[in-house]
Amino acid sequence: MRVPKENGGAPSSSSSALGSSSDNNDDGPTVEARLLKEKADKYRKEAEKLRLNLELKKIDDLEGDIRELATEQQQKQQQVARSAVHDDATNRLDQLKERVANLVRGSTVLDKEEADKMLAGIKSSSNSVGKELSRQTLDNMTSSGRDGHTDLSQEDIKVALSLIESLPRPAREALARTAGYSSYGAIGNQEEFVQKLYDNKDKSSMALRRTYAQSFTDDSDVSVILAEDLEESYTIEEMSDILVSELKERIEGNRAMELFPKSVQDANESLLPSEEDAQAFFKLLDQNTFMATEKPFKVNGGYLIRGVNKRNTASELVGRLDEKIAREIPKWKDSFQWSYVEITADPESEEFFEDAILITPNKFPVQAPVALSILATAISCFYTFVYGIDMFAGNPVVMDRLKEASEKSASLAAAGVPYDLTWFNDLLLPLLGTLALVQGFHEAGHLLVAWLNKVKLSSPTILPSKALPYLSFQNRLITSPKDYTALFDLAAAGPITGLTLSFLALLTGLQLTTTVDSATAQLLPSLPVGFLCQSSLGGTLVDMILGGGDGILINQEAATQIPLHPIAIAGFVGMIINALDLLPIGSTDGGRMSQAALGRVWHLTFSSIVFFVLFVASFVSDAQDIFLGYLFIYSFTQRDLEVPCRNEVDKVSLPRVIAAVVSWVIAALILVPLR
């Protein structure tokens, strides 16, 4: 900017001043330009740093790609060699580092100190990433080749567990040992077990075969087995011997379970104890309680453990082990129970029986359909009513009056006047009422003893019969009695009570028969001589009281009708029903008494003999309708033995054995024909 002269004087001084002013104004643009240049250099330097940071971000992104690539390769190529993968990843990282280093060194805006600092940061970052990649990614990629590790899904584990559970016990033991467990029962985490099996899937097949074979014979630790020569294997003959031994053990176990009912052997799978449950109980056994001679092995319905009682008595053993269960595994008894039982010994053993512990569910639900039970009960009730009416069929006076009532009922009903059948009801109701009373006290005896011994019974099912009003009332045991004494008392209480009341009813009815007035005597029901003679005891009582004991009545024709008071008929029929219930067959009341007195094996023998005698008698005796009907119904309903008691080693006392023998003798006297 030029300044005009204000005057013309003093030119020298003015020129000097202007010269000085001109010099100062010329320096201003130079300073401003320098400042602008410095700012431009600063912005260019920051831009260069930003570009380098972007390059570093690209490195991070590429390293992420490498990780993803490593993961994909892990899933697709689990056997990729460590060296090849490591070299590939390292080369790519080296190339990136070299590229960044060239960019930094080639920058014109970074001095040497800043460039070295940035390169050091890149090197540190790359090294840490490289180490992480080497430690995590590459190790994972090659771990499948090293230890076969791949995380399995829950669905895979579930399928694997279901397959393992279906394998025989030795196979499960071998798999457990291969995975590093001492036994299959020692496995705490099932998912971890399956994962270990998968991780060791490439283990030598010879080692697995040897471990499998070893599981048949002893409990050697898996590490000892695997430490031996893995190439050694069993011959075909040796493996055959091992398999035969295992098959023999299974047959013996199932043969022992044949002594127990279907309700035990065919129990619902969801109720059965698992191997873990069996092992939990097995750990409680020691030299002071029960010395087991083998591990628990699976049988139909539970687990069996053979061994020797180390307590003084069986009842003492039961008490001691129950205390340990309550103290150490209290929840175990909510679903399961153990029973001290006798089973048939090994055929090669000198002993005929051996002691064992049977682990089962603590309840045995009735397997028969409820609808079938209701139907059988309804049919039996209807037939009992018909049977009561049929007792009057041999009385012509009653039949004529009933026929007359039938003919007049239509006309009287039209007139609104009901026909009076009170006379017939007064005769029918005592018969049916006495039968109901006898059977009611029979069942009350069962329920009372069951309540005292804390045994749960099923609802009764009335079994039908062709020759009798009904055959019996069937109650099944849902829970186990504590011992054979409780089973005996429960079984004997019913038929002995019923038999006693039937005997009293017969005597009372026979006395009433001799004292009724003539009008009532003409309306009494009757039984044929042939039916009365089917019971030696019953027929003899009738002959003694009504005929003087000279055989006047029983020596008549079989079709001859003998008028009897309805209570006498109910008592006579009730004696036969309760006597049949006392027969020592299967799981009838008499069968339960026999099992309690003799044990399962001897009861099975005794029961077979009685069954054969009845079968022969059904063809040669006049009571063939009764016996054939009984055997037919029995074959479907009460053929099995009873559920296990908690203590089956201690048998009943001698007085109870005597009571059982007396009961069977009385039953035989009732059922053996008089002629």
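These entries record what I looked up in a predicted model.

**Basis.** I number residues from 1 along each chain as its sequence is written. For this predicted model I require pLDDT of at least 70 for local features and 80 or more for side-chain atom pairs, while totals for chains, interfaces and linings use all residues, and side-chain values rest on heavy atoms, without hydrogens or water.

**Helix H19.** I located H19 at residues 536-547; helices are DSSP runs (H or I, at least four residues), numbered from the N terminus. I listed its buried residues (under 20% relative accessible area, 1.4 Å probe, protein chains only): Ser-536, Gly-538, Gly-539, Leu-541, Val-542, Asp-543 and Gly-547. Their cover includes helices H16 (484-515), H18 (529-532), H20 (566-581) and H24 (654-671). At the start of H19, I found a side-chain oxygen of Ser-535 within 3.0 Å of the backbone nitrogen of Gly-538. Just after H19, Gly-548 has a positive phi of about 80°.

**Leu-564.** I next checked the largest nonpolar core, which has 93 residues. Such a core is a set of buried Ala, Val, Leu, Ile, Met, Phe, Trp, Tyr and Cys residues joined through side-chain atoms within 4.5 Å. Phe-531, Leu-564, Ile-576 and Leu-580 touch the most other members. Beyond four places in sequence, the contacts of Leu-564 include Val-542 and Leu-546; contact means heavy atoms within 4.5 Å.

**His-603.** I found His-603 in helix H22 (residues 600-620). His-603 counts as buried because its relative accessibility is 0%. A polar atom of its side chain lies 3.5 Å from the backbone oxygen of Gly-591. Beyond four places in sequence, His-603 is in contact with residues including Pro-584, Gln-595 and Leu-641.

Note on methods: Buried means under 20% relative accessible area, exposed over 50%, partly exposed in between (1.4 Å probe, protein chains only). Helices (H or I, at least four residues) and strands (E, at least two) are DSSP runs, numbered from the N terminus. A polar contact is a pair of N or O atoms within 3.5 Å; within protein, one must be able to donate a hydrogen and the other to accept it, and residues adjacent in sequence count only if both atoms are side-chain atoms.
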